[in-house]
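Please look over the model below before reading the points. They are meant for someone who has not seen it before.

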Amino acid sequence: MTVDFVALDWETANGARGSACAVGVVEVRGGVVADTWSSLMQPPERFSSFDAGNTAVHGLCAADVADSPRVDEVWPEVESRLRSRTVIAHNARFDLGVIQDATWGCGVACPRLRYGCTLLLARRHYELPSHTLDVVAEAAGVALDRHHDALSDALAAAEVLLRIIDDVGAASVDEAFEIHGLSLGWSSGADAEPCRVVGRSRWERIEPGAVRPPDETLF
């Protein structure tokens, strides 16, 4: 068995899960990082506003992606790197949700992907006060130079998984998860109902009937 997978990270423009504005993909073949790729993008039009809270996290605003392609233009390249591969992400439920809702938002088909979550794996492997990617990376001895940069986070997630595989002497991604009492899963694919909004968006803090600012995109 061999250690092959792709690590994935998305950044989003606002509280809508489909508001993808950056992506990073890292390909691991035979236990070694073999390729990296990233892109900025304009979110789907219905999710296009940038929230100040998101910008404070990743540093991206509308001006940064103004000359970038839209999600539907970037998606074929992303999909070609993910299909028929095991997809790894730190908090994979979120990153796969971005795929589900962003593809819905721009009207392209959503693939069903085999995936594993390094957040769940790290909770079993490391006894830490927090299991955010930066804390886990430090515990694993993995460099994370630019936290919340999509490619930097994807690379850190890949390296964390490789460290855990090495720690437990696993011969594959599947075995590393099985040793920790976990298994890889499958994303919902095209038939699932899009969530579109996750967490506490600013609209959840506005009383019903309140007038929303005219420059905001409704979800």
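The points below cover the basis of the note, the pocket, the salt bridges and the nonpolar cores.

1. Basis. The model is predicted, so local features need pLDDT of at least 70 and side-chain atom pairs count only at pLDDT 80 or more, while totals for chains, interfaces and linings use all residues. Residues are numbered from 1 along each chain as its sequence is written, and side-chain values use heavy atoms, with hydrogens and water left out.

2. Largest pocket. Its volume is about 510 Å³. A pocket here is an open set of points on a 1 Å grid over the protein atoms alone, where a 1.4 Å probe fits, with protein on both sides within 12 Å along at least five of seven lines. The volume is the space filled by probe spheres set on the points, which are joined across faces, edges and corners.

3. Pocket lining. The lining has 24 residues, and W10, E11, N91, F94 and H148 lie nearest the centre of the pocket; lining residues have an atom within 4 Å of a point. β1 (5–12), α1 (52–58) and α4 (92–106) each supply at least two lining residues. Helices (H or I, at least four residues) and strands (E, at least two) are DSSP runs, numbered from the N terminus. By class, seven lining residues are nonpolar, twelve polar and five charged. Ala, Val, Leu, Ile, Met, Phe, Trp, Tyr, Cys and Pro count as nonpolar, Asp, Glu, Lys and Arg as charged, and the others, Gly among them, as polar.

4. Salt bridge R17–D101. The structure holds eight salt bridges, each a side-chain nitrogen of Lys or Arg within 4 Å of a carboxyl oxygen of Asp or Glu. In one of them, R17 pairs with D101, the closest N and O atoms being 3.1 Å apart. R17 is in the loop between β1 and β2 (20–29) and D101 is in helix α4, so the bridge ties together parts 84 residues apart in sequence. R17 is buried at 11% relative accessible area, and D101 is buried at 0%; buried means under 20%, exposed over 50% and partly exposed in between (1.4 Å probe, protein chains only).

5. Salt bridges of R81. R81 pairs with D35, with the closest N and O atoms 2.9 Å apart. D35 lies in strand β3 (residues 32–40) and R81 in helix α3 (residues 71–82), so this bridge ties together parts 46 residues apart in sequence. R81 also forms a salt bridge with E77, at 2.7 Å between the closest N and O atoms. R81 and E77 are four residues apart in helix α3, which means that about one helical turn separates them. D35 and E77 are partly exposed, D35 at 29% and E77 at 32%.

6. Largest nonpolar core. A nonpolar core is a set of buried Ala, Val, Leu, Ile, Met, Phe, Trp, Tyr and Cys residues joined through side-chain atoms within 4.5 Å. Of the 29 residues in the largest one, F5, V160, L161, I165, V173 and F177 touch the most other members. α7 gives the most to this core, with eight residues.

7. C117. Which strand holds C117? C117 lies in strand β5 (residues 114–117) and is buried at 7% relative accessibility. Leaving aside neighbours within four places in sequence, C117 is in contact (heavy atoms within 4.5 Å) with A89, N91, A92 and F177.
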